[in-house]
Amino acid sequence: MIDTLELTEIPAEDEALRTEIRAFLAQTVGQLAPDVRARSWMGFDAEFSRRLAQRGWLGLTLPARYGGADKGPFARFVLSEELLAVGAPVSAHWIADRQSGPLILKYGTEAQKQFYLPRISKAEAFFCIGMSEPNSGSDLASIKTRATRTAQGWTLNGSKIWTTNAQHSHYMIALVRTSGEAADRYKGLSQIIVDLSLPGVTVRPIKDMAGDAHFSEVFFENVQCPEDALIGTEGDGWAQVNAELAFERSGPERLYSSMVLLESWLLHCREAGANDAQTAVALGTIISWLAVLRSMSISLTGKLARGESPAIEATLVKDLGTEIEQAIPRIIGDVLGATPDAAIPASLRRTLVYLEQLAPSFSLRGGTREILRGIIARGLGLR
């Protein structure tokens, strides 16, 4: 069932991080063009991630004994919010820091924690997620990629698709079938860490409408993974994935994909002196929507800070957040289109065009809208 989301405030000690973070971002990414910054958590920049690591801002929630900062989820929320608001290129470290590290911390062996977590905190190990497969859509329970136990470990065969940054990553955490068949659904699923440099791994980037290649197909042909590639308990992969998705779906990245466009449009409105009713209604709609969803996201962070796993609540916020992320380019485009003869800065036009091309993917990544609403319905006892 879905629990009540209580109104929650960010603790003062975590809120105080904003000043230092903003000063750093002003020096590093503040002068980049809006259409470059709009790529944000899809923008890959390993050097920027290393600079964050040098300041102790990766692995914020990981224990100090594993190279982390021993801070809580609120600290990471503040950092994530500031990075996304300015459009920093966070894609290199994002998945490892957001969910792979916490997943390994929760389910991994001591040896796995000691090996991977310090590397994540130093921006020396980038991860991608191996969940979706060709011909399976968002139905993760129907996956066919198989890891077969051998005397040396595991032999991996199959394929994954829509794997963000697989072409740049060192490792993939893959959901695979270790027993049974696809018809067995949730039974027999496990998670393994795949070293993407191993023989038999082929990565093919997929170019999107905007001309970028964020996603990839990944093929496994008799890939020999060691025994300790398994995370957690064999057969518990489905439960582990649901815990992982709570990390993925609860953060501010599900609200702020269009924030650089909003910033650029507001700057244009100020410079053009736009104070008409349509502009005011558009801005009011966006701000009120964001304010409510931000409060909900902070409440989810509070649940994570208490050690809870708010998977269903996070699914709800992700679904609602996707709507405003997709609506912002449309709303702003409608306002600008109402005065077609008015001059529009080239940078604003490029940013709008980019996000109009990218926005359809917002309701696909992290679970399609249809799948998410099915999860929510089950959580409410409606199916």
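This report looks at the whole chain and then at two places within it.

## About the model

This is a predicted model, where local features need pLDDT of at least 70, side-chain atom pairs count only at pLDDT 80 or more, and totals for chains, interfaces and linings use all residues. Residues are numbered from 1 along each chain as its sequence is written, and side-chain values use heavy atoms, leaving out hydrogens and water.

## The whole chain

The protein chain holds 13 helices and eight strands; these are DSSP runs, numbered from the N terminus, with helices (H or I) of at least four residues and strands (E) of at least two. Its C-alpha atoms fill a box of roughly 70 × 40 × 40 Å along the principal axes.

Of the 383 residues, 54% count as buried, which means under 20% relative accessible area with a 1.4 Å probe, counting protein chains only (exposed is over 50%, partly exposed in between).

## A closer look at Asp97

You can find Asp97 in helix H6, which covers residues 91–107. Asp97 is buried, with a relative accessible area of 8%.

Leaving aside residues up to four places away in sequence, Asp97 touches Leu58, Gly59, Leu60, Arg76, Pro102 and Ile120; contact means heavy atoms within 4.5 Å. With Arg76, the side chain of Asp97 also makes a side-chain polar contact at 2.7 Å. A polar contact is a pair of N or O atoms within 3.5 Å; within protein, one must be able to donate a hydrogen and the other to accept it, and residues adjacent in sequence count only if both atoms are side-chain atoms.

## Helix H13

Helix H13 spans residues 369–379, and its buried residues are Leu372, Gly374, Ile375, Ile376, Ala377 and Gly379. After H13 comes Gly381, with a positive phi near 75 degrees.
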